[in-house]
Amino acid sequence: MTPRSAHGGHGTETVPHAPVFVGETRARLEGLFGKYPTRQACLLPALWMVQEERGWISEPAIEEVAGVLDLTPAYVKGVVTFYTMYHTHPVGRHFIQVCTTSPCNICGAEDVARALVEKTGCRELGATSPDGRFTVVEVECLGACGFPTPILVDDDFVEDVTPDKVAAILERYT
Amino acid sequence: MGYPHPSHPKETVVLSKYFGDAGARSFDGWVQRGGYEGLRKALGMSREAIVEEVKASGLRGRGGAGFPTGLKWSFMPKDVAKPHYLVCNADESEPGTFKDREIMRWTPHALIEGCAIAAYAIGSERCYIYIRGEFTEPWRVMSAAVGEAYAAGALGESAFGSGRRIDVVLHRGAGAYICGEETGMMNSLEGKRGNPRIKPPFPAVSGVFGMPTTVNNVETLAAVPHILVRGAEWYKGLCLGNPKSTGTKLISVCGHIQRPGNYEVTMGTPVKDILYEMAGGPRPGRTFKAVIPGGSSVPIMTREEAEEALFDYEGIVAKGSMLGSAGMIVMDDTTDMVYQIWRLARFYAHESCAQCTQCREGTAWTTKVLERILSGKGKQEDFQLLLDLSEQMTGKTICVLSDSCAAPVVSGIQKFRSEFEAYMTGSRQPSMAAV
Amino acid sequence: MSDELVNVTIEGTALAVPKGTTIIEAAKQAGVLIPHYCYHPSLSSPAVCRMCLVEVEKAPKLAPACVTAVAEGQVVHVNSESALKAREAVLEFLLINHPLDCPICDQAGECELQDYVFQEGRAGTRYKEYAKRYNPVEDFGPDILYVPNRCILCTRCVRFMDDVAETPLLNVSERGDRAFIGIADAQKLDHPWAGNVVDLCPVGSLLSKDFLHKARAWDLDKAASVCPGCTQGCNVTIDTRDDVVVRIRPRPNLEVNRHFICDYGRMNYRWMNRGDRIEAPLLRDGARHLAVDWDTALDRFGQMLRGGSGSAVILASGRASTESLGLARKLLDRFDVTAAVQVPLGQEAPLPGIPGLALRRERAPNLAGAELLGYTAQWDSALGAAASASVVMVLDADLSAADESALAGIAGLLVVLGTVATDWLHRADLVLPVTNVAEENGTYVNRDRRLQRYHQAKSQPGMARPAWWVAGEVLSGPGPDADAPSTADEAFALLADRWPIFGGMGYAEIGFTGRVLPAGAGAEAAR
């Protein structure tokens, strides 16, 4: 199986919600149960699975995860909203995270962010382009401060991005 | 080797020896380079002997706090009636720090080996490596390496046929700086919000899943195989004078510098050597203005302070800051210090877990005051306000996130006051729309 | 908690407390209330509000009193300069996004934010020229509104639902200063004990819809009472405004209900305010009733009983006081008595985190007391016995249509000591207006044999008197020398000769948290 990105693009959430944890995904989750002393500990991995399958984590998906792990939806929601990498709204086919924290900031990260917004047509940070192709968000530190400016496009880490490289990078993602 | 730059002659290359060497990533490649000898040796030793060896080496936690590693291990209860856990902190979330990323990307087996030795030494059968969610590439490399280690019998039911069970489980974070704090990490691992916990109880008594737990940083664990193979005396000898700071330390250098990257130095190396020789000094035509030596959470040093400091735990403290995670953020004379201090404050406001009042409200308020100054509407009384907020955000909360927000603000006002005043008097143009 | 004692000095007061006691609890014993928000004695302590920071001599930092255990020789300064400064700062932080809408907030007057700011907060704010955080009011459940702008994120509500109700219906959502208390779309805060989050909320963030804008806290009169909802006997406070019951809240009793009551008990008060009350004694005169004064009514009641013999039946409410039930029983001593109390049944609803605490199936607060006094719960057999009884006394029972028709053809005298006027009353030979639980003093015995006092919360309507008063007056007979009980305490004292289990104590000994009656002692002395 081709590794799937943990963001956006490849799957869509349906109305009504069709269960995520069936078949192979269910088996993957159950495979984790033995690695942790509690079911609750599988919550972050389970949420990642939902996001890989559906691109974002909807309220019905939260209910499903709660059911599978014997938690309550409110509890799961509290956890989902704590972690910034879980999307509680649909995002574009390609999800771009650009670091603008201090070490990158002094090296021109805000210019990179502006270029990304402009070239993707997203209009502003946090928004999705009208064609649904990209969502660009600012993130706090990607942990690659020596390679300013790093960006994450889906699961692809791209280092040393400068505004003039943005167009070429975007071309790789349709 | 070296990555992204060849190793500098002034470096002492131990952990970073194979950075950039893709051949070191595989199990076989690692074994060819002398890997897994430390684990084999450890499995033939008693747990106590390993702990003593690490104690004797003087190894201190490389995550930021600098707590002696062997001593930490010795806190674990001796009886193993209930599960003990090792948690490897691979959350590397401190801005300016990117050393653990390179260890995982280039030498994943060094970390796995260190985890296995430490797990055995503390009486744990399972090690969780908590890798931050943004680290997609390290995750892929580590996943493959863990698979190989199991296949080769280094991990699993009987590590290298020793009869000792050692499991390594990779756990992915999902975007939260505070999960780099060990108790926040334990909560996150348990499937909770990554809220730091009150101590006591300390992790060695009641850690992850309520069981005795040791949390060690990636770099700390990666150093352990070397200590076992080459001995505590050798490691202790890697020291330029201060016997409390031994071994090598990876420094992440970033910002306004010619050659950003990781540099591995013996403890006690002059900061000046790191900045000017290894990392190549300032960009052409520029001079350094400030250095944040230990990741974004420590006080800002002026150029003068940094240039006079020796790089070890005590040496940096002597110049008014802290070694922290050794993520060195270098700022040259083009830097708008007020803007960058605001940017740091915004980072902490974004990352506050929301538990403690001073942190939840204080980080956000500090950010707003700095925004007001940047928009040209600052007043003299804002200095006192910022200092008061910082004082109340220091030493008052469960963890040190709000202290970390205060550190650059306080040191920034002390050392770069004129830049704040320039915004207040209008001699510097506003860099932000009014808030 | 161990038996070992630790010597500490708190605000200059030296005291010894058990090892393991937290500073905040030890301080209470020293007479010092350390300000706090997230701490609550019946919940886990997360030490997040940082309001209870105190100075401990020789400690490097201020300590959160809620999670710091006392240590031998420790010297604690609650009001040192650094502690006061830290708490002033916490209050300032808590207020920066607070709407300061006390004039329209139900919590005003009983708000811990208001109180502590008044006590030790800054006079003015330094959070000027910035917008405050704003989030709309949310409807959390059947009786609960969430006003996020007033929330100080102490998380008491979340912890109550997680750890005590063991039904995590609330969460902390988001983080940093964007955080708020959240709920899932699919679920409502409809747990049978959910209402406690309103009491637990130290500010006006979680509100009861039932109480919304009904009264200002300072307009309320409060009476210590016992919940008449079931046999658990939770301690409550009845709040009245202008003589109308507007709210029932838990009153702490660590042995019975800790700090909690269920929603059934909380909402079970409207009947206390009913307007259709019997307000005067009514005496049958042919086909009609005549309103008479008490002397006439009591006289007549005495005559009826003195002349009688044979069997008698008492049909009593399970909410009748021990005193009323006991004296009513004594009143009929010359008869062969069948006495029953009404026990409506409902669903049991436990509060999982507090062993022994539940809304009980038996919705009769004084069932155990009645049983000690010789009453049974065998309502139907008592009804059956009524047909041939010389006297049937109905003591504030809620009669169903079936009960009424069973009583329709009785041969003997029918005396009703009642609260609410119903059509059926015209069958009675004598109707005597009595008070309900909110209008009298009395005691109940709960399922664990705990004898507990309740206090009058509102005035009685018209000429209504406690049933124990009525029975006591008749028992002592007419005349200037008669020694009828004039207080509930005196009425209680009249029980011991016949039921020794109630002996050896008076109201003073029962106190505000009750007294457990010895097990196994005979309910009724041998005749």
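**Exercise 1. Chain A against chain C**

Task: In this predicted model, determine how many residues of chain A are in contact with chain C, and which helix of chain A gives the most to that side.

Solution: Begin with the count, which gives eleven residues of chain A in contact with 14 residues of chain C. Of the elements, helix 4 of chain A gives the most, with five residues.

**Exercise 2. Chain A against chain B**

Task: Work out which elements of chain A give two or more residues to the side that touches chain B, and how the residues of that side divide by class.

Solution: The contact takes 33 residues from chain A and 44 residues from chain B. On the side of chain A, the elements that give two or more residues are helix 2 (43-54), helix 4 (73-80) and helix 5 (102-105). The largest share comes from helix 2 of chain A, which supplies four residues. Divided by class, the side of chain A that touches chain B holds 21 nonpolar, nine polar and three charged residues.

**Exercise 3. Two helices of chain B**

Task: Decide whether helix 14 and helix 15 of chain B are roughly parallel or roughly antiparallel to each other, and state the hand of their crossing.

Solution: Take the axes of helix 14 (residues 337-351) and helix 15 (residues 357-374) of chain B, which come within 8 Å and cross at roughly 155°. Angles over 145 degrees count as roughly antiparallel, and the two helices of chain B are therefore roughly antiparallel to each other. The crossing in which helix 14 of chain B passes helix 15 of chain B is left-handed. Among the residues that make the contact are Ile341(B), Trp342(B) and Ala345(B) of helix 14, together with Thr363(B), Thr367(B) and Leu370(B) of helix 15. By class, the residues of this contact divide into eleven nonpolar, three polar and two charged.

**Exercise 4. The largest nonpolar core**

Task: Find which residues have the most contacts inside the largest nonpolar core, and list what Cys115(B) is in contact with once its neighbours within four places in sequence are left aside.

Solution: The largest nonpolar core has 355 residues, and those with the most contacts inside it are Cys115(B) and Val54(C). With its neighbours within four places in sequence set aside, Cys115(B) is in contact with Leu86(B), Cys88(B), Cys127(B), Ile129(B), Val168(B) and Leu221(B).

**Exercise 5. Backbone geometry in loops**

Task: Locate the cis peptide bonds at Pro200(B) and Pro201(B), then decide whether Leu100(C) and Asp396(C), each with a positive phi, are buried or partly exposed.

Solution: One cis peptide bond joins Lys199(B) and Pro200(B), with omega about 0°, and another runs from Pro200(B) to Pro201(B), with omega near 5°. Pro200(B) lies in the loop between helix 8 (182-189) and strand 4 (213-217) of chain B, and Pro201(B) is likewise in the loop between helix 8 and strand 4.

Turning to chain C, Leu100(C) is not a glycine, yet has a positive phi of about 55°; this residue sits in the loop between helix 2 (81-96) and helix 3 (112-120). Leu100(C) has 14 C-beta neighbours inside 10 Å and so counts as partly exposed. Asp396(C), also a residue other than glycine, has a positive phi near 55° and is placed in the loop between strand 20 (391-395) and helix 11 (401-408) of chain C. Because 22 other C-beta atoms lie within 10 Å, Asp396(C) is buried.

Technical notes. Residues are numbered from 1 along each chain as its sequence is written. Chains are lettered from A and ligands numbered from 1 in the order in which they are written. This is a predicted model: local features need pLDDT of at least 70, side-chain atom pairs count only at pLDDT 80 or more; totals for chains, interfaces and linings use all residues. A residue is buried if 20 or more other C-beta atoms lie within 10 Å of its own, exposed if 12 or fewer, and partly exposed in between; C-beta atoms are placed from the backbone. Two residues are in contact if their C-beta atoms, placed from the backbone, lie within 7 Å. Ala, Val, Leu, Ile, Met, Phe, Trp, Tyr, Cys and Pro count as nonpolar, Asp, Glu, Lys and Arg as charged, and the others, Gly among them, as polar. Axes are lines fitted to C-alpha atoms, for helices over the stretch in contact, and angles run from 0 to 180 degrees between N-to-C directions. Angles under 35 degrees count as roughly parallel, over 145 as roughly antiparallel, 65 to 115 as roughly perpendicular and the rest as oblique. A crossing is left-handed if the near helix is turned anticlockwise from the far one by less than a right angle, and right-handed if clockwise. A nonpolar core is a set of buried Ala, Val, Leu, Ile, Met, Phe, Trp, Tyr and Cys residues joined through C-beta atoms within 7 Å.
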